[in-house]
Amino acid sequence: MLVLSRRLNESIQIGEDVEITVIDVRGDVVRLGINAPKKTQIWRKELWDAIVEENRKAAKVADTPSTAPVVTPQLPVSTFSKLSKLKTVRLKKPSE
């Protein structure tokens, strides 16, 4: 794993078209701004893990190999209940 230190308003660049900026740091919470092409899928890790697990379960039920790589996750219906439990942080609009 590559580990980088960044300060507020500093960024990292991933490839040619993904930029991640540190927007805010409060205690142990870091808010990140991500600029990426719309086609780029961006997931919170815990949600990604839930999707992969649901896909593996579905593949097992369908009697297909569960070790098949998951290229593009699909949101199973049971994941939507988990979505409501995740905290969503919205950026504040700058004061006018």
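Is Trp48 buried, exposed or partly exposed, and what is its relative accessible area? Trp48 is partly exposed, with a relative accessible area of 25%, where buried means under 20% relative accessible area, exposed means over 50% and partly exposed lies in between, with a 1.4 Å probe and protein chains only.

The model is predicted, so that local features need pLDDT of at least 70 and side-chain atom pairs count only at pLDDT 80 or more, while totals for chains, interfaces and linings use all residues. Residues are numbered from 1 along each chain as its sequence is written, and side-chain values use heavy atoms, with hydrogens and water left out.

**Aromatic pair**

Rings of Phe, Tyr and Trp (for Trp, its six-membered ring) pair if their centres lie within 6.5 Å, and planes under 30 degrees apart count as stacked, over 60 as edge-to-face and the rest as tilted. By this rule the count comes to 1 aromatic pair. Trp43 and Trp48 form this tilted pair, at 6.5 Å centre to centre and with 55° between the planes. Trp43 counts as partly exposed, at 28% relative accessibility.

**Strands and turns**

Helices (H or I, at least four residues) and strands (E, at least two) are DSSP runs numbered from the N terminus, and two strands pair if DSSP finds at least two bridges between them. S1 and S2 pair in the antiparallel sense over 4 bridges, with Ile14 standing opposite Val18 in S2. The hairpin of S1 and S2 has 3 residues between the strands, and Gly15 there takes a positive phi near 65°. S2 also pairs with strand S3 (residues 29-35), in the antiparallel sense and over 7 bridges, and Glu19 has Asn35 in S3 as its bridge partner. In the hairpin that S2 and S3 form, 2 residues lie between the strands, and Gly27 in the turn has a positive phi of about 60°.

Most residues other than glycine have a negative phi. Asn9, a residue other than glycine, has a positive phi near 70°; Asn9 is found in the segment before strand S1 (11-14) and is exposed, with a relative accessible area of 58%.

**Salt bridges**

A salt bridge is a side-chain nitrogen of Lys or Arg within 4 Å of a carboxyl oxygen of Asp or Glu. A search of the whole structure finds 4 salt bridges, and the table gives some of them.

| Salt bridge | N to O distance |
|---|---|
| Arg6 and Glu10 | 3.2 Å |
| Arg26 and Asp24 | 2.6 Å |
| Lys45 and Asp49 | 2.9 Å |

Arg6 is partly exposed at 40% relative accessibility, and Glu10 is likewise partly exposed, with a relative accessible area of 27%. Asp24, by contrast, lies in strand S2 (residues 18-26) and is buried, with a relative accessible area of 15%. Asp24, Arg26 and Arg31 are linked in a network of salt bridges. Leaving aside neighbours within four places in sequence, Asp24 is in contact (heavy atoms within 4.5 Å) with Leu8, Val29, Val30 and Arg31.

**Helix H1**

Lys45 and Asp49 both lie in helix H1, 4 residues apart, about one turn of the helix; Lys45 is exposed, with a relative accessible area of 55%, whereas Asp49 is partly exposed at 38%. The expected span of a helix is 1.5 Å times one less than its number of residues, so the 17 residues of H1 (residues 45-61) should span 24 Å, and the end C-alpha atoms are 24 Å apart, which agrees. The buried residues of H1 are Leu47, Ala50, Ile51, Val52, Glu54 and Ala59.
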